[in-house]
Amino acid sequence: MPASHTTQSRRPRMSGRALSKFVALLMCACAPLALSSCIVKSGRGEQSRSLNVEVTCPVSPDTSVNGQIRIGYQQIPNGDLVVKDADMLSKCMPNAKITWTQFSSGADVVRAFGSGSLDLGLYGSAPAAKSLSAPLNLDVNVVWIQDVIGGAESLAVRDPAIKTIDQLRGKKIGVPFGSTSHLSLMSALEKAGLTKDVTVINLEPSAILGAWQGGQIDAAWIWEPTLSELTTSGHIIMTAEDTANAGSPTFDLEGARGAFVRDNPAAMKMWTVAQNWAVDLIKNHRDDAVGRIAGQLGVDAAQVRTQLDGYIYLTAKEQAEPKWFGGGLATDLRNTATFLLNQGEVDAVSSPQTYVNAVYGTSIREVAQP
């Protein structure tokens with residue numbers, strides 16, 4: 001469910017941390033004579049929802065960073081939720097006030113950047129490109145690749161006889177317009193020479209499920225959890241990883257207000273340290289990462305493991321390569337803006353230098369080569 005998407009609601013469950021408090025309070029209530037000495041203390045930061053062990057900042061904390069840092073996150077299984085659960089930013093910048101606010105879509109994050117009410121925020125590559133193009137032309141930077149979208153966004157079809165995209169000629173396909181899924185779908189259709197031979201319908205995830213069940217669409221390019229619901233009666237024939245390998249990658253990115261980046265280089269470095277630590281946890285200590293993400297999302301670990309397998313996570317060293325922050329990401333953003341222009345989502349594509357200037361790789365290079 002990438003950052004450009006509208007997050008579908010989930011029924012929250014009582015977290016392990018909250019349950020521990022409840023049990024402790026119940027025990028106190030059963031022992032009124034000892035109540036004065038019964039103090040419930042979790043020992044965890046207020047952002048933590050899992051019962052994973054406490055951790056410390058992977059580098060020496062920077063006490064020079066102060067003031068408020070306002071971060072927008074979404075319920076997507078990536079490093080943001082790991083960092084939030086571990087309260088890592090407060091540990092790496094103990095004198096800063098870290099504020100986390102949940103957003104439901106990348107479009108909302110872009111609006112917050114436009115109003116100056118957010119310092120850092122998670123959004124997809126389509127909203128990122130839109131923010132840098134007319135008519136918005138926002139002063140924002142892309143500072144991190146939270147994930148490269150793979151099987152988490154896929155093309156599902158109802159007819160078991162359809163095995164390839166070429167067999168969709170004359171069919172109806174649902175997708176949320178302006179999303180990363182839309183970009184992947186149109187890229188795949190263009191490569192297959194089918195853009196004029198299929199009907200692409202703008203549908204939100206909940207509407208896609210209804211249209212699928214009612215037989216109004218033959219296929220849909222969509223993300224979890226809708227994707228799993230479609231595959232109970234259909235099957236996947238192509239993924240965002242396929243279109244990425246063909247030259248049209250889609251991402252969940254971290255954006256930041258340009259003024260914040262320029263004024264707070266030390267904070268940006270420590271934020272990047274925390275995100276790099278989270279990626280290492282996802283790649284090399286999966287059980288710990290799964291526990292933290294499951295705690296934040298309020299879902300079981302098995303579901304988190306399935307979702308993690310649908311994304312590609314990159315360390316700072318990997319992100320510093322030419323393919324990404326070494327130049328390739330700026331090209332990808334401009335290509336995405338061109339796609340949005342063709343779809344009527346932006347008024348004009350900015351100059352190539354605009355997208356180059358928007359890609360901020362200083363902190364990534366510092367963390368990659370300490």
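**Helix packing, sheet and aromatic pairs**

Helix α2 (residues 79-86) packs against helix α12 (residues 286-297) at an angle of about 85°, their axes 9 Å apart. So α2 is roughly perpendicular to α12 (that term covers 65 to 115 degrees). On the α2 side, contact (heavy atoms within 4.5 Å) involves Leu 81, Val 82, Lys 84, Asp 85 and Ala 86. On the α12 side, Ala 289, Arg 292, Ile 293, Gln 296 and Leu 297 take part.

A word on the model. It is predicted: local features need pLDDT of at least 70, and side-chain atom pairs count only at pLDDT 80 or more, while totals for chains, interfaces and linings use all residues. Numbering starts from 1 along each chain as its sequence is written, and side-chain values use heavy atoms, without hydrogens and water.

Next, the sheet. Six strands (DSSP E runs of at least two residues) form an open, mixed sheet, ordered β2-β1-β3-β10-β4-β11. β2 (96-102) and β11 (311-312) are the edge strands. β4 (residues 140-149) runs antiparallel to β11, joined by two bridges. There, Val 148 has Ile 312 as its bridge partner.

Now the rings. The whole structure holds five aromatic pairs (ring centres within 6.5 Å). Trp 144 and Trp 271 have centres 6.4 Å apart and planes at 90°, so they are edge-to-face (planes over 60 degrees apart). Trp 144 sits in β4 and Trp 271 in helix α11 (residues 265-284), 127 residues apart. Both are buried (under 20% relative accessible area, 1.4 Å probe, protein chains only).

Phe 251 and Trp 324 are also edge-to-face, with centres 5.6 Å apart and planes at 90°. Phe 251 is in β10 (residues 251-257), and Trp 324 is in the loop between α14 (316-319) and α15 (328-342). Phe 251 is buried at 1% relative accessibility, Trp 324 at 8%.

Conventions:
Two strands pair if DSSP finds at least two bridges between them. Helices (H or I, at least four residues) and strands (E, at least two) are DSSP runs, numbered from the N terminus. Axes are lines fitted to C-alpha atoms, for helices over the stretch in contact, and angles run from 0 to 180 degrees between N-to-C directions. Angles under 35 degrees count as roughly parallel, over 145 as roughly antiparallel, 65 to 115 as roughly perpendicular and the rest as oblique. Rings of Phe, Tyr and Trp (its six-membered ring) pair if their centres lie within 6.5 Å; planes under 30 degrees apart count as stacked, over 60 as edge-to-face and the rest as tilted. Buried means under 20% relative accessible area, exposed over 50%, partly exposed in between (1.4 Å probe, protein chains only).
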